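User: Please go through the labels used for this model and set each one against its cut-off.

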Amino acid sequence: MPRITQADTLVLRSVWLACLTGFALAWGVDPCSAQTGTFIDRQLATDLRVMTYNVLWDSIFPDRDATKAAKFSRVINSLNPDLLNLQEIGDPFTPGWTPKTATDVRNLLNTIAPLDGGASWNVHKGSDGVIASKYPLTLTRTNTNPTGDKSQAIALVDLPNAQYSADFYLMNNHYKCCGDEGSTEDGQRQKQSDAIVNWLRDARNPGEFVSLASGTPFAVVGDLNIVGGLQPLNTLLDGNIFDQATYGNDSPPDWNGTNLTDARPVHNSTGSSFYTWRQDSSGFPAGQLDFIIYSDSALDVGRKFVLNTVAMSAAQRSATGLQQFDTAQGTSTTYFDHLPVVVDFRIFNFATSDFNFSRGVDGSDLAIWQTGFGTLSGATRSGGDTDGDGDVDGRDFLVWQRQSNSASAFTAIPEPASLVLLSCIIAFSA
């Protein structure tokens, strides 16, 4: 038997480490990520972490509030969001204060949470809402058409193709504050929801102001200030438009013609508390003001939580680098202006013949193809076009036939973990 030298051992160790790393990544586990053993950990390395946080009028900047800025820095570094949605950036109310801009947010994040390789955060601002992303932003807008009452930050996040099967569309909002059901303020919130549902209908259909690729996952997030009636929230979920003369007919917002889903996470992933605002001395009850509402046809959810550092154990805070009052106002245990809301998303990879986005290919998709058959131009995937050439013909049927009623459409190619394990076996058998 040939003698194994020290150099051979080092090579074998390197190969074995590479195999283990590849195997872990193939299954969505990042062996290099810093796991804390707490509820903040991602379950899969490919989970896309979306966070929304009303930060109280520029208080996250050191020149405005050094204590709050330090808290914000710890929160961001602990949670490590991929897509960060902020509200109340650009304080227009304080005399002598220069409101912060998108550039200021980018510079702050590049300083407190620098990205690998010297990359810069990508930032888009509309009114006081900001989308900050680790990935490029396209299709940026600051309002819908027709508009709601307040400007928004809207963008399509250009996700890396090697990791994700689709891009991600974000609508970051800050609804009008205050006012009971039936008040002027409540009417303004309803107008904003009507406008968003109308905009999403436009986005799901080609032409006009915005067109998304069929099945593009999306989320409507932010401080919705649901303090009056629930109709503005219900409209976002079910597409029931109040002012149809302005914003068109009712339109179920998801790709498959169903409701959207309110993630509704609870504090620190445990218990029953889901409020995101609380001030016991105000006389108003604690409530959920901050939301992440999403297209559940295209998205699954991993971790989700409302971060409440006051309610964390000392061991959890130690493991995550957070401090007791990082999400509280001052050192209060009963005053939270707003709490950070976090959801980890997993993008579903639709088969190209899943025309109705039901997550399966069956007779209902065939019926859609049959209805669209003979369309010579302008056809979309939801109308039976599987190959993106704009028509619906026999080639599209053949794709449906290959994919229908058979898991082989999704498992004919070996799973990545199997390929990695096979490569490792071959390497060590050589």
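User: What makes helix 2 and helix 3 count as being in contact?

Analyst: Contact means heavy atoms within 4.5 Å. On that basis Phe72, Ser73, Ile76 and Asn77 in helix 2 meet Leu108, Leu109 and Ile112 in helix 3. By class, five of these residues are nonpolar, two polar and none charged. The model is predicted: local features need pLDDT of at least 70 and side-chain atom pairs pLDDT 80 or more, while totals for chains, interfaces and linings use all residues. Residues are numbered from 1 along each chain as its sequence is written, and side-chain values use heavy atoms, without hydrogens and water.

User: Why are helix 2 and helix 3 called roughly perpendicular?

Analyst: Their packing angle is about 70 degrees, with the axes 10 Å apart. Roughly perpendicular covers 65 to 115 degrees, so the label applies to helix 2 and helix 3.

User: Why is Asp91 called buried?

Analyst: Buried means under 20% relative accessible area (1.4 Å probe, protein chains only). Asp91 has 2% relative accessibility, so Asp91 counts as buried. Asp91 lies in the loop between strand 2 (83–87) and helix 3 (102–112).

User: What makes the pairing of Asp91 and Arg64 a polar contact?

Analyst: A polar contact is a pair of N or O atoms within 3.5 Å; within protein, one must be able to donate a hydrogen and the other to accept it, and residues adjacent in sequence count only if both atoms are side-chain atoms. The side chains of Asp91 and Arg64 are joined at 2.8 Å. A polar atom of the Asp91 side chain also lies 2.8 Å from the backbone nitrogen of Phe93.

Notes. Helix = DSSP H or I, 4+ residues; strand = E, 2+ residues; numbered from the N terminus. Buried < 20%, exposed > 50% of the residue type's maximum accessible area, 1.4 Å probe, protein only. Axes fitted to C-alpha atoms, helices over the stretch in contact; angles between N-to-C directions. Parallel < 35°, antiparallel > 145°, perpendicular 65-115°, else oblique. Nonpolar A, V, L, I, M, F, W, Y, C, P; charged D, E, K, R; others polar.
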